[in-house]
Amino acid sequence: MELSFKDLHLSEEVLRAIEEMGFEEPSPIQAQTIPLMLEGVDLIGQAQTGTGKTAAFGIPIIERVLLKDEAVQALVLCPTRELCIQVAEEISRLAKFKRNVRVLPIYGGQPIERQIRTLKKGVQIVVGTPGRVIDHIERRTLKLGGVKTFVLDEADEMFDMGFREDIELVIGHLPETVQKTFYSATMAREIMDFATKYQDDPKIIRVVKKEMTVPKVDQFYYDLDSHMKPEILTRVLDIYNPNLTIVFCNTKKMVDELTEGLVDKGYFAEALHGDLKQTQRDQVMNKFRKSKVDVLVATDVAARGIDVDEVDMVINYDMPQDDEYYVHRIGRTARAGREGTAISFVSGREYYKLRDIQKYTKTKILRKELPTIHEIRRTQDIKHLDMLRDAIEKGEAKKLEHLVNVLLEEDRSPVDIASAALWLYAKEKGIGKHQELDYVDNDKVRPPRDNRRKLPFDKGGKWGYARIFLSVGRLDGISERHVLSAILNSTHAQKAEVGKIDIYDKYSFVEVKERVSKDAVQALNKSKIKGIEVSAELAKPRMAKPKKRWHSEPRRG
Ligand code: ADP
């Protein structure tokens, strides 16, 4: 698929935003649905998580908005609050250069008054959870008479979560002629029935996959928070010390940032992406072939057709947009009968992509523990010792014996002299590429400041509320609804006594009024959520600020 965003007849403003976001080419689902959505037809788009569905509907929505019109013109329904926020953010980024396009996420848990105020000012694109959208419809604070495009995102998940009736209620308030589009990872029977009932002769877009043979590559993955990726990347490079490595990112922007970060840290890294001229690309590839550059940071498009036999490691810094890309990527290593390793960095929602890739490639990709500082030190030690033995055996070091004698006469110990010499040599040769001080313990790797409030170690509850930790999360199929109903069913708590519910991948937090918190913990410990036994405990208060700054985030330009 060699289609570019320019071929999709998009406005200058949207193309500029896409460029700024660093997207190199449309993902398969985008290439197929954007033209159809621009025509205004109904459709069902099936593609796995992480394949770029948001931009697939976000771009046409933006292009179809009439700026003169202040009415709500597009409505997107998402199953969860997190997704609402994510989708609204992505659409806002895509609309950055379209002045006066306003996007609003509306979801439960946020004060409704604020949403009402913003809605009154005029918003053209609303992204909401079904419950809150209905709430606004009933209060008449959200009027849907001017909607031209309706999107049901993650339709299968919404049905699983029992939102069907809510969705029907919302659709009932839309104009007859509205364009209805459903996006889903699977095509369950229920969705097809629903489509027959509500859509008008929908086009069905399936991102079909070719059968592919998966190269014989040693594959494993790390489960990590995205802010740890740069640090872990440098550890991997130091420990495995691969000869030639290709690191794959999904965007040009990430390629540039990461390359800059690696170069700053002393790695011989170069970027390869579609913005480079052919001559520049040839130069980079030549250097890589001759091992003058040993880490190539690349996008999928740019790396297509790279045929360098000595690549012994491929790193999926971002999980690929498409399962086929994964196979292409790992096929860059283990060529010409050599061995090769492919490591995937999997964080948050990328886990779903990993799952799909395993299904698609019919291989099991095993999880490995994150490399620790110990391992790095051990690798460095082994290297130092080898070097020393080698030098002693070759006997060439004898030429410098007179220097040693001078130092011995100064009463310095042979141990000090030898360590100092070794240290200087290692530094010069860039062994370990940087000093040990640069490493941070795994448990001290912390996100940069602005992300911190989103992260689970901020455990402090709201005033008057206690925060309860639950051992189940999104990957168990848990949503806010499940948590809420578990509490209401197992305790005497009223709905109003339950506060914010935060669902993370593997665990969740829920705020409840202090008065009922002990009972709630006890009751939850005895209950099951979605059939899974949970363990619940009162969350500890906010942790002290970590002292060390996180070291390895690539510099932003
Ligand atoms: P889905 O909705 O299918 O789960 P998303 O729309 O959330 O997937 O996309 C996953 C990630 O890929 C997002 O970070 C998004 O910004 C990015 N992305 C989307 N389209 C492209 C593209 N054409 N090239 C590179 N990255 C993209």
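In helix H15, the residues Glu350, Tyr352, Lys353, Leu354, Asp356, Ile357, Gln358, Tyr360 and Thr361 are buried, where buried means under 20% relative accessible area for a 1.4 Å probe, with protein chains only considered. The model is a predicted one, in which local features need pLDDT of at least 70 and side-chain atom pairs count only at pLDDT 80 or more, whereas totals for chains, interfaces and linings use all residues. Residues are numbered from 1 along each chain as its sequence is written, and side-chain values use heavy atoms, with hydrogens and water left out.

H15 (residues 350-361) is mostly covered, since nine of its 12 residues are buried; helices are DSSP runs of H or I of at least four residues, strands are runs of E of at least two, and both are numbered from the N terminus. The cover over these buried residues includes strand S8 (218-223), helix H10 (229-240), helix H14 (323-330) and strand S13 (341-346). At 1.5 Å a residue, the 12 residues of H15 should span 16 Å, which agrees with the 16 Å between its end C-alpha atoms; the expected span is 1.5 Å times one less than the number of residues. Just after H15, lysine 362 takes a positive phi of about 50 degrees.

Threonine 49, which lies in the loop between strand S1 (43-46) and H3, counts as buried because its relative accessibility is 13%. Leaving aside residues up to four places away in sequence, threonine 49 touches Arg349, Tyr352, Lys353 and Asp356, contact meaning heavy atoms within 4.5 Å. The C-alpha atoms of threonine 49 and threonine 186 are separated by 10.0 Å, although these residues are 137 residues apart along the chain.

Helix H3 (residues 53-64) packs with helix H4 (residues 81-94) at an angle of about 50 degrees, and their axes are 9 Å apart. H3 and H4 are therefore oblique to each other, a class that holds the angles left over when those under 35 degrees count as roughly parallel, over 145 as roughly antiparallel and 65 to 115 as roughly perpendicular. The contact is formed by Thr54, Ala55, Phe57, Gly58, Ile59 and Ile62 of H3 together with Val87, Glu90, Ile91 and Leu94 of H4.

In helix H6 (residues 130-139), the buried residues are Pro130, Arg132, Val133, Ile134, His136 and Ile137. The elements against which they pack are strand S2 (74-77), strand S3 (103-106), helix H5 (112-121), strand S4 (125-128), helix H7 (155-160) and helix H8 (164-172). H6 is followed by arginine 140, whose positive phi is near 60 degrees.

Key: Axes are lines fitted to C-alpha atoms, for helices over the stretch in contact, and angles run from 0 to 180 degrees between N-to-C directions. Buried means under 20% relative accessible area, exposed over 50%, partly exposed in between (1.4 Å probe, protein chains only).
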